[in-house]
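My notebook is open, and I have two spots to look up today. Here is what I am working from.

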Amino acid sequence: MLKTWRFHGGLRLPAHKHLSAHRPIVNAELPKQLIYPLQQRPGVQLKVTVTPGDIVLRGQIIADSDHFLATPLHAASSGTVKAIEDRIIPHPSGLSDPCIIIDTDGRDEALPPEPVEDYRLEPAATLRAKIRQAGIVGLGGAAFPTSIKLNPGPQRHIDTLILNGAECEPYITCDNVLMQTEPDAIVQGALILMHALQVGDGIIAVEDHMTEAFEALSAAIEQSRDLRLTAVKIPALYPTGGEKQLIRVVTGKETPSGGIPADVGVICQNVGTAAAVYNAICHGLPLTERVVTVTGQGVKQQQNMRARIGTPISDLIKQCGGYQDSVERLIMGGPMMGFALPEDDIPIVKATNCILAAAGSEVATSKETRPCIRCGDCAKACPVDLLPQQLYWHSRADNLEKCKEFSLFDCIECGCCEVVCPSQIPLVQYYRAAKSKTIAKAKEAEKAAIAKRRHDFLLERKAREQAERAERSRRKKEALAKLKAAETATEGAE
């Protein structure tokens, strides 16, 4: 039994997992239309590789980019590209952005798969390339490209892979059910990731209440006969699923401020990501579907669904029996770190792990914010050991330099401080605004620096050109003077 540690703060929240935790994964019906936003990550816009009228097959790349944080986007079924147009995308802003619209043909024809015969014979670079080509990203919600994580660089020594099965946010159960039903795929995916990283230790972290998932994974590990891999139970404390918190719990290591898990020799991947890696490498299947929890008191039938990426949320809600009259808000993600959606024609994307149709009793529809009473409860709850009260004052005053001094960018926006705040201050909103302003200010400073460099270069070029002209003029005058002196000398000699 592996020893576990404790991170600072955290909360025990009402789980609401019973709504969907014991329901099997249901294959969602193929939608009539698939919608693919070209912005798959903030700041990363994919370039379309198809045009309206094109016929596409399942698994065909329809958009890609050479940006290092981009991964290809694949059609989740066969059909015809209807349009490339602006639609509302799944983003906290609620704004529109270009999307690829595909009308499915019902045949679900796919490109032939290209599996790897034996991944153990493949170099790490080849596996990374295939994982990127399959469009695989972190399926826990962050959607960070898996291939990038598998390439930490020669300056970092990685000794441990942690598979994150700590589904700590309330309501979400897609990983729990996936671990129960597809433990072999997760274990084999973990072994592939370990081979790609050349690490000797692999740990699958499961919350202590996930008894069925733990037993299924333990049996799959035993069947694999690979002693490098271990399943461990960890406390169900929010936000244990955060990378830095999970590393602390499982290994006792503290990820440095501003650092990444690779800095302490650890790489974290979601259990769903591991299963996707297995399907990509051993079956040659790109990422075109994922398991999504559809839950909340606002939907008639809560369940976990294997849905095609690009499926409109309205289709999934319909297959769950529709909305209850009590539905108040539609949230993508969980109640702590998710965001409200303005409508349900928005598609699920790779990062969508949950659709929460919340009734009025499940969400705080109005809060009366009162002045901070300096109780310090927020600091006690913060899992990153920050001082939320100080961050609040400085972010409210737009003192961005002070915010940085108090490690603003170490904040994981988990919302623990908001939950315990007796004054009901929307603290995370202030932190997000301060982060956005800081990033915008840095970009402006970078633009100004570039403009200054260009201006300085222009001045240097003008000065150089002026000096060159002066030098040419001087040489010309000297040549003329010499010529005149020579002419004078010739005339004197005559």
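Before the helix pair, I noted how axes work: they are lines fitted to C-alpha atoms, for helices over the stretch in contact, and angles run from 0 to 180 degrees between N-to-C directions. Helices here are DSSP runs (H or I, at least four residues), numbered from the N terminus. I kept in mind that this is a predicted model, where local features need pLDDT of at least 70, side-chain atom pairs count only at pLDDT 80 or more, and totals for chains, interfaces and linings use all residues. Residues are numbered from 1 along each chain as its sequence is written, and side-chain values use heavy atoms, with hydrogens and water left out.

**Entry one: a helix pair.** I looked up α4 (residues 183-197) and α5 (residues 211-224), and found them packed at about 55°, with axes 9 Å apart. That makes α4 oblique to α5 (under 35 degrees is roughly parallel, over 145 roughly antiparallel, 65 to 115 roughly perpendicular, the rest oblique).

**Entry two: the annotated cysteines.** UniProt, in an unreviewed entry, marks Cys382, Cys411, Cys414 and Cys417 as "binding site"; such annotations may be inferred rather than shown by experiment, and positions follow the numbering used here, with feature names shortened. I checked Cys411 and found that it sits in the loop between α11 (400-405) and α12 (416-420). Is Cys411 buried or exposed? It counts as buried, because its relative accessibility is 13% (buried is under 20% relative accessible area, exposed over 50%, partly exposed in between, with a 1.4 Å probe and protein chains only). Cys417 belongs to helix α12 and is buried too, at 8%.

Terms used: Helix = DSSP H or I, 4+ residues; strand = E, 2+ residues; numbered from the N terminus.
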